[in-house]
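Please keep the sequence and the 3D view open while you read.

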Amino acid sequence: MDTIVPISFDNTENAFAYKTDKQLKKAKYLFSSMGYPLLVKWGTRLTPWAIKVGLPVKGIIRHTIFEQFVGGETLEETAGVAKKLGEYNVLVILDYGVEGGENGEAAFDHSMEEFIKVIDYASTQPNIPFISVKVTGFARYDLLEKLDSSVSDHQGSLMKRYTKAVASLSDEERAEWQNVQTRMETICRTAAEKGVSVLVDAEETWIQDPVDVITILMMEMFNVQHVVVYNTIQLYRSDRLSFLKDSLEAAEQRGFMLGVKLVRGAYMEKERERAYKMGYASPIQPDKVATDADYNDAVSFCIDHINKIAVVVATHNEYSNLHAAQLLQQKKMSLNHPHVHFSQLYGMSDCITFNLAKAGCSVSKYLPFGPIKDVAPYLMRRAQENSSIAGQTGRELGLIKKELKRRKS
């Protein structure tokens, strides 16, 4: 590839072509509301409670924040959104929005079956190459926490510490953990057979180690000919750039292709608060500059080792997306290289997604779906994220206003 394709994220006509005037005005109102931290603070506290006690708030949620950030309550509802995105060469990462809980083995088996339904559906669609899964959707949170704590207590490599941690479980807990592994393997095997890739979501630091290990084991099993399984690496953690490099070393030693989704992270406030309360060093980067530096270094590392790593550049940061695209062009690689994919959340950063698609990049929207009560934790994180990243919310709002003004002229 000899021609350098100029990429700009300022073209609002490309970005919002898929939205009607009414939808844009609704988005403008929502992002304006999220600019009030006090409103978001109380809203994110009261909304889950209101849903839990059965107050009639679902209609309000459905027509505001749910509509902005979620594809629908069912796979059928979500199909229409996925089809609309496909018309603009935007791919989809489907996410069944179930999160962790103490729901019992039958409920966890049901979650696994739902993930498999999503894979079955994705395999029939031309623009849904990925699905996203959360291990907490089919594993007991307390078991993950116990395993992680035990991993931390042992010495040696991650795999050695994990083996010792599993051995320290009771017979009943080992059987329960085996069920988790079986569910994960069933999901990944189905995906491999159907030609769909699985992105494994990151979790909080205190349950992440067993999630990392089980994902690496799945990569070893299924990422031999091509990449089926991707681990998510949160670069707002100060140890994750070195973890990425260790993961490549493990992949080379064990003979599999490494799949990674690079994100900045979703649990920063919770992580810092827990570290402070429990008196241990915060695992979070000291500042945004350090996070950005590690993120961009991770992008460079992956593209420098592109024959051994498949990477999803999952970020709303304009510089990081441009950095990845420019690296591809500098190395004379195609912008839609099969090992490089870009992604942003549905309802956010349309100027990045649709302009990347217009330039010829492989890019997707992360599209969650599920009953309102199940996706409520996800929605609350989106609201908190958009209230804490004032600059980003202002940027979203400014671009929406710019497009509305352009349409009037």
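This is a predicted model: local features need pLDDT of at least 70, side-chain atom pairs count only at pLDDT 80 or more; totals for chains, interfaces and linings use all residues.

Residues are numbered from 1 along each chain as its sequence is written, and side-chain values use heavy atoms, with hydrogens and water left out.

**The barrel**

Eight strands form a closed barrel in the order S1-S2-S3-S4-S5-S6-S7-S8, with parallel pairing. From one strand to the next, the twist averages 30°. Strands here are DSSP runs of E with at least two residues, helices are runs of H or I with at least four residues, and both are numbered from the N terminus. Two strands count as paired if DSSP finds at least two bridges between them. In general, strands of a sheet pair through backbone hydrogen bonds, either parallel or antiparallel.

Let us zoom in on S2. S1 and S2 pair in the parallel sense over three bridges, and Asp-95 has Ser-132 in S2 as its bridge partner. S2 also pairs with S3 in the parallel sense, over four bridges, and Ile-131 stands opposite Val-198 in S3. Which way do the side chains of S2 point? Phe-130 and Ser-132 point one way, Ile-131 and Val-133 point the other way, and all are buried. Buried means under 20% relative accessible area, exposed means over 50%, and partly exposed is in between (1.4 Å probe, protein chains only).

Helix H10 lies across strands S3 (197-200), S4 (229-234) and S5 (258-263), running at about 150° to S4. Contact means heavy atoms within 4.5 Å; axes are lines fitted to C-alpha atoms, for helices over the stretch in contact, and angles run from 0 to 180 degrees between N-to-C directions. Phe-108 lies in H6 and counts as buried because its relative accessibility is 2%. The C-alpha atoms of Phe-108 and Thr-136 are separated by 9.0 Å, although these residues are 28 apart along the chain.

**Aromatic rings**

The structure holds nine aromatic pairs. Rings of Phe, Tyr and Trp (its six-membered ring) pair if their centres lie within 6.5 Å; planes under 30 degrees apart count as stacked, over 60 as edge-to-face and the rest as tilted. Two of the pairs are set out here.

| Pair | Centre to centre | Angle between planes | Type |
|---|---|---|---|
| Tyr-96 and Phe-369 | 5.8 Å | 45° | tilted |
| Phe-115 and Phe-138 | 6.1 Å | 85° | edge-to-face |

Tyr-96 in strand S1 (residues 91-96) and Phe-369 in strand S8 (residues 363-369) are 273 residues apart, and their pair links distant parts of the chain. Tyr-96 is buried at 9% relative accessible area, and Phe-369 is buried at 5%. Phe-115 in helix H6 (residues 104-122) and Phe-138 in the loop between S2 (130-133) and helix H7 (141-153) are 23 residues apart. Phe-115 is buried at 0% relative accessibility, and Phe-138 is buried at 0% too. Ring pairs link Tyr-96, Phe-115, Phe-138 and Phe-369 into a cluster.

Another kind of ring contact involves a charge. Arg-240 lies over the face of Phe-243, at 4.0 Å from the ring centre. A charge sits over a ring if NZ of Lys or CZ of Arg is within 6 Å of the ring centre and within 35 degrees of the ring normal.

**Nonpolar cores**

Which residues touch the most other members of the largest nonpolar core? Of its 93 residues, these are Val-135, Trp-177 and Leu-262. Helix H10 (residues 205-222) gives the most to this core, with nine residues. A nonpolar core is a set of buried Ala, Val, Leu, Ile, Met, Phe, Trp, Tyr and Cys residues joined through side-chain atoms within 4.5 Å. Among the residues that Trp-177 touches are Leu-143, Tyr-162, Pro-210 and Ile-214. A second, separate core of 39 residues includes Val-40, Phe-66, Leu-199 and Met-348.

**Two loop residues**

Asn-89 lies in the loop between helix H5 (75-86) and S1, and its phi is near 60°, a positive value in a residue other than glycine. Asn-89 is exposed at 57% relative accessibility. Lys-332, in the loop between helix H14 (318-330) and strand S7 (340-345), has a positive phi of about 60° although it is not a glycine. Lys-332 is exposed, with a relative accessible area of 52%.

Definitions and conventions. Lists of a residue's contacts leave out its neighbours within four places in sequence.
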